[in-house]
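The questions below concern a single protein chain.

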Amino acid sequence: MKLRALLTVLAALGLALVTWPSGADDAARAKKVEAGRAYFTDVVLIDHEGHEQRLWTDLIQDKTVVISPFFTHCNGVCPKLAASLGKIQDGLGDRVGKDVLILSITVDPSRDTPDQVRQYAQDVKPKPGWLFLSGDKANVDLALKRLGYYVDEPEAHTNLLIVGNERTGLWKKAFGLAPSEELISVVRSVMEDQG
């Protein structure tokens, strides 16, 4: 059967011919992946469960993420940011860990050892898909610089969340103390972006 006849039959049946990405699409994606890896780096962080996580490959590449700064001895805004993230987690339900990751990164890696971050996370009670991250100071500082969260003093950290969809390239910032419905709406808009 000739291609034109096959397409006519498929169209008559309401079907479409599936096409695969061209080599140019594959090359563009590979270039984008390498640019992401070069920018974010694959610096190793430690999650609250003691697992090593590479910033680009494990936490950002091909994912939608909600990223927030914190430090364990914060008595100011950090508990409020954690509460906001908890409401996002509850509002998105089982999509957290599947369609989106929540990443809380310490801005005080000298003091916030992986053990201290684990204890802090136990108090917050994150569900799967929400990671609290610390690690070697040089590694955490590099990650914070790449994300725009690095500060000389932990108390100077921002209240902004970064919400990004690496697959489509859509990145937004949101005020972490905004009403939870607004934050969930922002996260959904980024998560569901089609590029």
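Contact here means heavy atoms within 4.5 Å. This is a predicted model: local features need pLDDT of at least 70, side-chain atom pairs count only at pLDDT 80 or more, and totals for chains, interfaces and linings use all residues. Residues are numbered from 1 along each chain as its sequence is written, and side-chain values use heavy atoms, with hydrogens and water left out.

Q: Leaving aside its neighbours within four places in sequence, which residues is V66 in contact with?
A: V66 is among the residues with the most contacts inside the largest nonpolar core. Such a core is a set of buried Ala, Val, Leu, Ile, Met, Phe, Trp, Tyr and Cys residues joined through side-chain atoms within 4.5 Å; buried means under 20% relative accessible area, exposed over 50%, partly exposed in between (1.4 Å probe, protein chains only). With neighbours within four places in sequence set aside, the contacts of V66 are L85, V100, L101, I102, L103, L161, I162, V163 and V187.

Q: In what order do the seven strands form the open sheet?
A: Helices (H or I, at least four residues) and strands (E, at least two) are DSSP runs, numbered from the N terminus. Two strands pair if DSSP finds at least two bridges between them. The pairing is mixed, and the order is β2-β1-β5-β4-β3-β6-β7.

Q: Which residue is the bridge partner of I102 in β5?
A: Strand β4 (residues 101-106) pairs with strand β5 (residues 130-134) in the parallel sense over four bridges. Within β5, I102 has as its bridge partner W130.

Q: What angle does the direction of helix α5 make with that of β5?
A: Axes are lines fitted to C-alpha atoms, for helices over the stretch in contact, and angles run from 0 to 180 degrees between N-to-C directions. Helix α5 (residues 114-124) packs on the sheet and touches β1 (44-47), β3 (64-70) and β5. The angle between the directions of α5 and β5 is about 155 degrees.

Q: Is the aromatic pair of F70 and Y120 stacked or edge-to-face?
A: Rings of Phe, Tyr and Trp (its six-membered ring) pair if their centres lie within 6.5 Å; planes under 30 degrees apart count as stacked, over 60 as edge-to-face and the rest as tilted. F70 and Y120 lie 5.1 Å apart centre to centre, with 25 degrees between the planes. The pair is therefore classed as stacked.

Q: Why does F70 count as buried?
A: F70 lies in strand β3 and Y120 in helix α5, 50 residues apart. Y120 counts as buried because its relative accessibility is 13%. F70 counts as buried because its relative accessibility is 4%.
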